Amino acid sequence: IQADGTDGNCVTFVLHDEDHTLGNSLRYMVMKNPDVEFCGYCITHPSESKINFRIQTRGALPAVEPFRKGLNDLMGVCQHVLNTFEVRHSWRAPG
């Protein structure tokens, strides 16, 4: 992950080897934060596997904080879905 920006409130993170799967899910999680004024992403080019992910916050909150929280929250949601799936399908015989 590479971050670039003029100040800490508005940062563009460059995420390599990622696409819409992470971009849209992460954007949703970050936008749930009331301190985030703007969050969006774009695919730089169809032949490149990287996204530019931009966050702009209100006030003095550094953009990296909602970025980290969004990633952690998304991992929590994914873990919950996996756990729920495994519990509901544990009665089936393998194969």
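Which residues form one aromatic cluster? The cluster is made up of F13, F53 and F67, as computed from a predicted model in which local features need pLDDT of at least 70, side-chain atom pairs count only at pLDDT 80 or more, and totals for chains, interfaces and linings use all residues. Residues are numbered from 1 along each chain as its sequence is written, and side-chain values use heavy atoms, with hydrogens and water left out.

Two aromatic pairs are present in the structure, where rings of Phe, Tyr and Trp (its six-membered ring) pair if their centres lie within 6.5 Å, and where planes under 30 degrees apart count as stacked, over 60 as edge-to-face and the rest as tilted. The pair of F13 and F67 is stacked, with 4.0 Å from centre to centre and 5 degrees between the planes. This pair links distant parts of the chain, since F13 belongs to strand β2 (residues 10–16) and F67 to helix α2 (residues 64–88), 54 residues apart; helices (H or I, at least four residues) and strands (E, at least two) are DSSP runs, numbered from the N terminus.

F67 is buried at a relative accessible area of 4%, the term buried meaning under 20% relative accessible area, exposed over 50% and partly exposed in between (1.4 Å probe, protein chains only). The pair of F53 and F67 is tilted, because the ring centres are 5.9 Å apart and the planes stand at 55 degrees. F53 lies in strand β4 (residues 50–57) and F67 in helix α2, so this pair ties together parts 14 residues apart in sequence. F13 also counts as buried, at 3% relative accessibility, as does F53, at 0%.
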